[in-house]
Amino acid sequence: MEPFSCDTFVALPPATVDNRIIFGKNSDRLCDEVQEVVYFPAAVHDNLGECLKCTYIEIDQVPETYAVVLSRPAWLWGAEMGANEHGVCIGNEAVWGREEVCDEEALLGMDLVRGSS
């Protein structure tokens, strides 16, 4: 059976031992797709005139990025889930809508996860 959905969960105190916060996510990616857990250190970028290559498009480089730990498919720039040095956690979910899909290349939801972490 192929997976068909993603779920993200968080458990908060007082429902956890020692007042810990637990964040997790499952993925509907194929079971043989390589998932990496990667770390990117915080950085100050002095190449503000340059563009940053995301999965399908390029965007302007921001002046500063936070340190992040990400779980992502090896082939793309974005991530399924991540957490930054300030404790902000985010997970990618499919959202179904009624609007027509644009034919132009754009940022993926997983690119937004990486950019938000």
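Glutamine 61 is buried, with a relative accessible area of 12%. In this predicted model, glutamine 61 lies in the loop between strand S6 (58-60) and strand S7 (64-65). Setting aside residues up to four places away in sequence, glutamine 61 touches His45, Asn47, Leu48, Glu50 and Leu52. With one of these residues, histidine 45, the side chain of glutamine 61 makes a polar contact of 3.5 Å.

## Overall organisation

The protein chain contains 1 helix and 10 strands. The C-alpha trace spans about 45 × 35 × 30 Å along its principal axes. Of the 117 residues in the chain, 23% are buried. The accessible surface amounts to about 8,600 Å², and 56% of that area belongs to carbon and sulfur atoms. Among contacts between residues at least 6 apart in sequence, 51% join residues at least 24 apart.

## Salt bridges

The structure holds 4 salt bridges.

| Glutamate 80 | Lysine 25 | 2.6 Å |

Glutamate 80 and lysine 25 form a salt bridge with 2.6 Å between the closest N and O atoms. This pair links distant parts of the chain, with glutamate 80 in the loop between strand S8 (68-73) and strand S9 (81-84) and lysine 25 in strand S2, 55 residues apart. Which side of the buried or exposed divide does glutamate 80 fall on? At 3% relative accessibility, glutamate 80 counts as buried. Lysine 25 is also buried, at a relative accessible area of 16%, so both values lie under the 20% limit for a buried residue.

Lys25, Arg29, Glu33 and Glu80 are linked in a network of salt bridges.

Glutamate 36 is partly exposed at 26% relative accessible area, whereas arginine 72 counts as buried at 13% relative accessibility.

## The loop between S1 and S2

Several features fall in one loop. Where is proline 14 found? Proline 14 is located in the loop between strand S1 (7-11) and strand S2 (22-26). The peptide bond from proline 13 to proline 14 is cis, with omega near 10°.

Aspartate 18 is placed in the loop between S1 and S2 and has a positive phi of about 60° although it is not a glycine. Aspartate 18 is exposed, with a relative accessible area of 62%. Asparagine 19 likewise sits in the loop between S1 and S2, and its phi is positive, about 55°, although asparagine 19 is not a glycine. At 57% relative accessibility, asparagine 19 counts as exposed.

Isoleucine 21 is found in the loop between S1 and S2 and is exposed, with a relative accessible area of 60%. Together with Val10 and Leu12, Ile21 makes a nonpolar surface patch of about 300 Å².

## Cysteines

How many disulfides does a search of the whole structure find? The search finds 0 disulfides. For cysteine 31, the nearest cysteine sulfur is that of cysteine 6, 14 Å away. Because a disulfide needs sulfur atoms within 2.5 Å, cysteine 31 is in no disulfide. Cysteine 31 counts as exposed, at 84% relative accessibility. Cysteine 51 is in no disulfide either, and the nearest cysteine sulfur, that of cysteine 54, is 9.4 Å away. Cysteine 51 is partly exposed, with a relative accessible area of 44%.

## Proline 41

Proline 41 is placed in the loop between strand S3 (35-40) and strand S4 (43-44). Leaving aside neighbours within four places in sequence, proline 41 is in contact with Tyr66 and Ala67. Between proline 41 and tryptophan 77, the separation is 36 residues in sequence and 15 Å in space, C-alpha to C-alpha.

Note on methods:
Residues numbered from 1 in each chain as written. Predicted model: local features only at pLDDT ≥ 70, side-chain atom pairs only at ≥ 80, totals over all residues. Heavy atoms only, no water. Helix = DSSP H or I, 4+ residues; strand = E, 2+ residues; numbered from the N terminus. Contact = heavy atoms within 4.5 Å. Buried < 20%, exposed > 50% of the residue type's maximum accessible area, 1.4 Å probe, protein only. Patch = residues over 30% accessible without salt bridge, like charges linked within 9 Å, V, L, I, M, F, W, Y side chains within 5 Å. Areas by Shrake-Rupley, 256 points an atom, 1.4 Å probe, with all protein chains shown as cover. Salt bridge = Lys/Arg side-chain N within 4 Å of Asp/Glu carboxyl O. Polar contact = N/O pair within 3.5 Å; in protein donor to acceptor, adjacent residues only side chain to side chain.
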